[in-house]
Amino acid sequence: MATNYRNLRDYGCWLQYDLLPPELLARYGQQFEAIAVKGGKTLTEAITEELRLGLAGLLGTSVSFVEAEEEASLVVRLEGEPAEPGAEEAFRLQVQGDEGSLRALVSSTGERGLLYGTFAFLRALQLGEISPGFKLEDGPSTPLRLINHWDNLDGSVERGYAGKSIFFRENRLVEDLERVRDYARLLASIGINGVAVNNVNVHQEETQLIASKLAMVKTLSSIFRGYGIRLFLSINFASPWEFGLDTADPLEPQVQQWWKERVAAIYSQIPDLGGFLVKADSEHRPGPFTYGRTHAEGANMLGEALKPYGGVVIWRCFVYNCQQDWRDTQTDRARAAYDHFQPLDGQFMDNVILQIKNGPMDFQVREPVSPLFGGLERTNQILELQITQEYTGQQRHLCYLVPMWKEVLDFDTYARGEGSTVARIAAGAVFPMAFSGIAGVSNVGSDPNWTGHTLAQANLYGYGRLAWNPGLSAERITREWAVLTFGHDPEVVQTVSSLLLGSWEAFENYTVPLGIGWMCNPGHHYGPSPEGYEFSRWGTYHRADRTAIGVDRTVQGGTGFAGQYRAENARLYESLESCPEELLLFFHRIPYTHVLRSGKTLIQHIYDTHFRGVEQVEEMISRWEQLAGKVHPETFSHVRERLEIQLVDAKEWRDVINTYFYRLTHIPDARGRKIYT
């Protein structure tokens, strides 16, 4: 059912396909009016429609599709057979020129490669890169490039900040399935090849997605299949119990048989289902611990059921004690994932994949990289990132996460010597793995602009581009998104890029310092509350008192977390002198009078960064105001409104955090600024 928001400016995201500026029209006008699409079947409709839409929008002309390649100025051709697994997603783009005429060829051994090559051609055309002699041989670095939705069948979205689910409403599919198709197109344009559509915290109603509501999954799968994307389902480990068995013990034959029969029924309807995503034994979710079994035994039971159909089990490593006593200074939540899963290395089936959060805690604005990366040598694994901004402003604040993700991907684990980065582990290039890749928790909802904050679209785009190629620079990705979304005006591109690239630092400045994390309101995680989690059961402590702050995670005198890393990083974090200062309070307990490398005391650093963070948001607003008349009025007003909300919130963060530390320490600001007391 058509809905009027498709006519709104920001609905098109980076696929607006606005008419190119005159200087590019002079080069490309009348060039690609005849197109031949040869070979393929499942994705041909998506390829031809994208070329029709893209070239008509960019060049202002209609295109025709011809049978004979010699009559075409753009050929999209399937050729040969994949030489190795994954090669069907790679493509080659070549451009030839002759007396002012251009002829482009997109070729691949697989239909997905043709689709990705089509989007790459249109992107290069928009960026002005297409020219005689242009060549691009490209393919994904990471085999699995997944999106995890935390959508519930009632239409709510856990940690969703952009409206309701685009899939479900009142325990049924939404009526607007065209929007689902639009979403599949957006994901395909950035190379996503798998999507889990429902919440990892599977409620009773969602359990029916593998039973009475399987037809809904079949419909969604058909839509995503048209863009080369495989569907995954989040499942409840205790489903057999919910369907009448008296146990969900993974070693019980009746439980194993129940899953085999259920999986057979699912694959009879959806033969290309990617598999299951599982959250078990975490935050009150059921799992194998209930029966005294290991996570390997639980995951392998599901892997055995899925294996005949080519399906995989993606098993999340977010497992920790959520009933911790705050008085206990030795139990450390940061240790939990490594302690649970590293001893099981090599015990998982080859179609079981461990999904590991980027940090050891929970998507804070600053965390070290999880030591499981580099700690698992014989287990399939993928990196989990959070695109939705749970702890980073909830899409009311501008916080561009690509620079953070680049730091994670570039982190050297030293697992096989220097150069064993997280990016190379995700690509399967460090350890032998049957499956590897990256997953991102979606930031998409039913809001007309998809992400609540229009500029938050850049996080989704940036995630996809990094999942495809972690070697891309943050600057390259940011400029791409700015041009594709806002056009070629140099001032707009430069300003938008600058706002994005500086926003993570600004957010960190006015919220939590030096890696301590968490100083937010419990439950909804929005706004400052310095002791909101300090005496809770969740293990999220900063342990500030009147003399010091931070958690000692050293081997020498603390929880020992630093020792979970390979020796090079363990030494780095163990030493107060060598520990990166942005993570100082994550690894060390420090007095407020400690002098940082800047020459400032710790307390003065806290004061200064919080004042500076507010100033940075004020600068954002000033710079955005200069774009009045240069970006679409609806977009301009919307972003300005969000930035004004961010400024109010940044001031509250500044005042609450600075006052909190002043009241603890009674150390005044050396610069004499007003701190509310």
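Reader: In β11, which residue is the bridge partner of Gly 194?

Author: Glad to start there: this is a predicted model, where local features need pLDDT of at least 70 and side-chain atom pairs count only at pLDDT 80 or more, while totals for chains, interfaces and linings use all residues. Residues are numbered from 1 along each chain as its sequence is written, and side-chain values use heavy atoms, leaving out hydrogens and water. Strand β10 (residues 194–196) and β11 run parallel, joined by 3 bridges; strands are DSSP runs of E of at least two residues and helices runs of H or I of at least four, numbered from the N terminus, and two strands pair if DSSP finds at least two bridges between them. Within that pairing, Gly 194 has as its partner in β11 Arg 230.

Reader: How many of the 6 residues of strand β11 are buried?

Author: Buried means under 20% relative accessible area, exposed over 50% and partly exposed in between, with a 1.4 Å probe and protein chains only. Strand β11 (residues 230–235) is largely enclosed by the rest of the structure, because its buried residues number 5.

Reader: Which residue of β12 stands opposite Phe 232?

Author: β11 also pairs with strand β12 (residues 275–278), in the parallel sense and over 4 bridges. There, Phe 232 faces Gly 275.

Reader: How does α8 lie relative to α9, oblique or parallel?

Author: The axes of helix α8 (residues 253–269) and α9 (residues 295–306) come within 8 Å and cross at roughly 40 degrees. Under 35 degrees counts as roughly parallel, over 145 as roughly antiparallel, 65 to 115 as roughly perpendicular and the rest as oblique. So the arrangement of α8 and α9 is oblique.

Reader: How many nonpolar residues does the contact of α8 with α9 have?

Author: Val 255, Trp 259 and Lys 260 are among the α8 residues in this contact, and Met 301, Leu 302 and Glu 304 are among those of α9. Ala, Val, Leu, Ile, Met, Phe, Trp, Tyr, Cys and Pro count as nonpolar, Asp, Glu, Lys and Arg as charged, and the others, Gly among them, as polar. Alongside 1 polar and 2 charged residues, the nonpolar count is 8.

Reader: What is the relative accessibility of Glu 304?

Author: Glu 304 sits in helix α9 and touches Lys 260 and Met 349, leaving aside residues up to four places away in sequence. Glu 304 counts as partly exposed because its relative accessibility is 43%.

Reader: What is the relative accessible area of Glu 384?

Author: Glu 384 belongs to strand β15 (residues 380–386). Its contacts, not counting residues up to four places away in sequence, include Trp 150, Arg 316, Lys 357 and Phe 363. Glu 384 is buried, with a relative accessible area of 1%.

Reader: How are α15 and α18 oriented to each other, roughly parallel or antiparallel?

Author: Helix α15 (residues 490–510) and helix α18 (residues 602–625) pack with axes 8 Å apart, at an angle of about 160 degrees. Therefore their arrangement is roughly antiparallel.

Reader: Which strands stand at the edges of the open sheet?

Author: This open sheet has 6 strands in the order β2-β1-β3-β5-β4-β6, with mixed pairing. Inside it, strand β1 (residues 34–38) runs parallel to strand β3 (residues 74–78), joined by 4 bridges. Each edge strand has a single partner, so one side is left without a neighbour in the sheet; these strands are β2 (64–65) and β6 (135–138).

Conventions
Axes are lines fitted to C-alpha atoms, for helices over the stretch in contact, and angles run from 0 to 180 degrees between N-to-C directions. Contact means heavy atoms within 4.5 Å.
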